[in-house]
There are 2 protein chains.
Amino acid sequence: MLAQMDIGGIPGRTRAEAAPIRPADGVCPFGGAIDLMGASMAFARNEEIYGEGEPAEYLYKVVSGTVRTYKTLADGRRQVGAFHLPGEMFGIETGGQHAFSAEAIDDAKVLVIKRSAVFSLAERDNDVARQLWELTARELQRVQEHLSLLIKTAQERVVGFLLEMAERAHAGNQIELPMSRQDIADYLGLTIETVSRTLTQLATMAAIEVPTSRRIVLRNRAALARLNA
Amino acid sequence: MLAQMDIGGIPGRTRAEAAPIRPADGVCPFGGAIDLMGASMAFARNEEIYGEGEPAEYLYKVVSGTVRTYKTLADGRRQVGAFHLPGEMFGIETGGQHAFSAEAIDDAKVLVIKRSAVFSLAERDNDVARQLWELTARELQRVQEHLSLLIKTAQERVVGFLLEMAERAHAGNQIELPMSRQDIADYLGLTIETVSRTLTQLATMAAIEVPTSRRIVLRNRAALARLNA
DNA sequence: CGACCATTTGATATGGATCAAGCGATGTGG
DNA sequence: CCACATCGCTTGATCCATATCAAATGGTCG
């Protein structure tokens with residue numbers, strides 16, 4: 001995490017820099033109750049939100065921009081655990097420590113919510129408790145789907161990634177990728193070269209179109225679904 | 001699941017076959033409250049406990065034996081999601097449907113607990129709700145560790161698997177594997193041949209010993225930890 | 001003993017990694 | 001405004017870890 005911490009209950013920022021408490025923009029999985037407990041913070045491109053091994057004191061919700069969580073292995077290999085889009089929560093670690101680091105992929109606004117506040121609220125409010133559980137269960141499902149990707153071929157992984165992004169961004173067939181090829185590669189357990197080659201291959205078979213490197217158009221969903229195994 | 005269902009609230013068995021309700025043998029993550037709501041059932045080697053896509057009406061807890069959960073892809077590839085040892089719960093699916101199938105690896109006794117009963121109890125009892133959440137969070141952590149395994153080399157995966165099993169069976173350095181090489185391969189995203197070769201290789205370098213194919217002795221933990229990256 | 005199944009071992013093939021170069025977009029200093 | 005460095009991405013050549021195909025071994029049960 002950043003050097004300056006916990007001024008006014010908001011991590012990593014001085015009070016002057018942090019926006020005041022306000023309702024979130026995105027859909028709220030807690031019906032608003034929990035969002036109201038948080039403060040909005042802005043992070044610049046590639047800025048760290050929290051680090052692996054730090055105490056997990058907050059829950060986070062993406063307001064705008066995109067966040068990646070990742071782990072770095074001893075030998076430098078990096079595993080991207082997830083990409084979080086606006087409206088999604090992250091930092092749902094199980095122990096008291098963050099198992100992953102989190103960084104803003106592009107300039108991002110994040111709602112930061114004190115864990116202890118949520119937990120003590122959950123003690124009293126069944127509804128909050130249930131939603132906290134559902135949040136964890138949804139995250140579990142997401143990780144299980146990610147795991148399923150990793151046992152497949154390179155082509156299947158890339159196709160699975162594209163379909164996942166298209167669905168989550170619910171942007172129809174036009175995907176605007178906020179992350180680099182390296183991010184995608186580390187998410188899929190591949191190299192950038194393989195990701196790049198696979199994309200050109202998909203473009204060659206007219207399943208997708210790549211007008212710019214960060215923009216992808218799904219041209220043939222049926223073909224992609226078939227390649228998805 | 002099996003053809004005959006839901007006789008006396010116990011799935012997949014006639015009343016005559018099912019043992020009466022009784023407390024569980026293993027450690028109970030619910031302090032006993034939930035175990036008492038369940039009935040014990042015996043499953044034979046390779047018998048299905050539930051199938052992918054079936055409605056998830058029950059939670060399960062291994063009393064004795066071992067259970068594997070798995071998914072089968074369209075082309076026949078199989079992904080083993082987890083091995084569950086005595087004392088561990090499984091069937092914590094997120095939606096209303098089971099995302100995986102579950103089978104007894106060897107003859108196994110399983111405590112079967114009605115989901116609806118647990119959930120309605122959780123509505124009233126904060127403690128049960130918290131433990132349900134912790135259970136899900138622990139499962140999340142387990143899946144994340146599994147995911148970490150899958151981005152590594154074959155040797156690292158096998159070593160990681162052995163260390164995981166040694167820890168979970170808390171049997172010191174002597175591991176008795178209930179599952180076949182095929183099960184291990186499908187868990188690690190490798191082939192049986194690669195698993196087998198890797199084990200002989202580890203034995204050759206004196207990191208482990210394989211007195212019988214299902215028994216493994218960890219000979220040099222430091223070396224194994226080093227190979228684990 | 002003999003059949004069967006799981007496991008190991010061997011030979012070869014291949015998908016993706018690695019090493020290396022080229023290319024286009026963006027930004028910077030002269 | 002242009003030369004040029006930089007960065008992210010693509011493309012090409014080669015290598016290697018693991019898959020695949022095939023056969024031998026060993027343990028279990030009738």
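Let's start with one residue. A:Asp183 is buried, with a relative accessible area of 4%. Buried here means under 20% relative accessible area, exposed means over 50%, and partly exposed is in between (1.4 Å probe, protein chains only).

Some ground rules before I go on. This is a predicted model, where local features need pLDDT of at least 70, side-chain atom pairs count only at pLDDT 80 or more, and totals for chains, interfaces and linings use all residues. Residues are numbered from 1 along each chain as its sequence is written, chains are lettered from A and ligands numbered from 1 in the order in which they are written, and side-chain values use heavy atoms, with hydrogens and water left out.

Back to A:Asp183. Where does A:Asp183 sit? It is in helix H4 of chain A, residues 181–188. Helices are DSSP runs of H or I with at least four residues, strands are runs of E with at least two, and both are numbered from the N terminus.

What does A:Asp183 touch? Leaving out residues up to four places away in sequence, A:Asp183 contacts A:Arg68, A:Arg78, A:Val80, A:Phe83 and A:Ile105. Contact means heavy atoms within 4.5 Å. Take A:Ile105. A:Asp183 and A:Ile105 are 78 residues apart in sequence, and 9.2 Å apart in space, C-alpha to C-alpha.

Now the charges. Side chains of opposite charge can pair when their charged atoms come close. A:Asp183 belongs to a network of salt bridges with A:Arg68, A:Arg78, A:Glu103 and A:Asp186. The rule for a salt bridge is a side-chain nitrogen of Lys or Arg within 4 Å of a carboxyl oxygen of Asp or Glu. Over all chains, that rule gives 26 salt bridges.

Next, the domains of chain A. Domain 1 covers 6–149 and domain 2 covers 154–227. Those bounds come from an automatic or database domain assignment. Together the two domains bury about 1,300 Å², 58% of it on carbon and sulfur atoms. Buried area is the accessible area (1.4 Å probe) that two parts lose on being put together, summed over both.

On the domain 1 side, strand S5 (78–84) and H2 of chain A each supply at least two residues. S5(A) gives the most, with seven residues.

Now to the two chains. The area buried between chain A and chain B is about 3,200 Å², and carbon and sulfur atoms give 64% of that. A:Trp133, A:Leu147 and A:Ile151 supply 21% of what chain A buries against chain B, more than any other three residues.

Between chain A and chain B there are two salt bridges. The side chains of A:Glu156 and B:Arg77 meet in a salt bridge at 2.9 Å, N to O.

Last stop, salt bridges along helices. A:Arg130 and A:Asp127 meet at 2.8 Å, N to O. They are three residues apart in helix H2 of chain A, so about one helical turn separates them.

In chain B, B:Glu134 and B:Arg130 meet at 3.1 Å, N to O. Both lie in helix H2 of chain B, residues 126–149, four residues apart. B:Arg168 and B:Glu164 pair too, at 2.6 Å, N to O. B:Glu164 is buried, at 18%.
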